[in-house]
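Please read the account below alongside the sequence and the 3D view.

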Amino acid sequence: MYFQCPVCGFSLLREPPSDHAMCPSCGTQFDYDDAKKTHRQLRNEWLQAGAPWFSISTHSPVLWNGFRQVVEAGFVYDIPMPVTKTKFFSVIIPALHPTKLQVQMS
């Protein structure tokens, strides 16, 4: 069973967001950081910092994006979404067809 981080929306927490567990995505230590600030305040601070992946021992999911994670979780935030000129295109991999892989070009 997995749990969702109430700050960033990361949905693969192995422990409930309590008892000083930490989110590998945003770095929130539950019952410590969120005892002083609301989840929304912590989310805004994380997004303002560029929504970086926190953990050095747990790797981020492939093509992970912190802003997209928050949006997909349906969480409210007050930081403007960064503007990017990154273009995406789809690549069909015959062995995985009809699955498409999205590749980022900068």
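D19 counts as exposed because its relative accessibility is 65%; exposed means over 50% relative accessible area, buried under 20%, and partly exposed in between, with a 1.4 Å probe and protein chains only. The model is predicted, with local features needing pLDDT of at least 70 and side-chain atom pairs pLDDT 80 or more, while totals for chains, interfaces and linings use all residues. Residues are numbered from 1 along each chain as its sequence is written, and side-chain values use heavy atoms, leaving out hydrogens and water.

D19 is in the segment before helix 1 (33-36), helices being DSSP runs of H or I with at least four residues, numbered from the N terminus. Its phi is positive, near 50 degrees. Most residues other than glycine have a negative phi. A51, also not a glycine, has a phi of about 55 degrees. A51 sits in the loop between helix 2 (39-48) and helix 3 (66-73) and is buried, at 5% relative accessible area.

Beyond its neighbours within four places in sequence, C5 is in contact (heavy atoms within 4.5 Å) with F10, L13, C23, C26, F30 and F75.

How values were computed. Helices (H or I, at least four residues) and strands (E, at least two) are DSSP runs, numbered from the N terminus.
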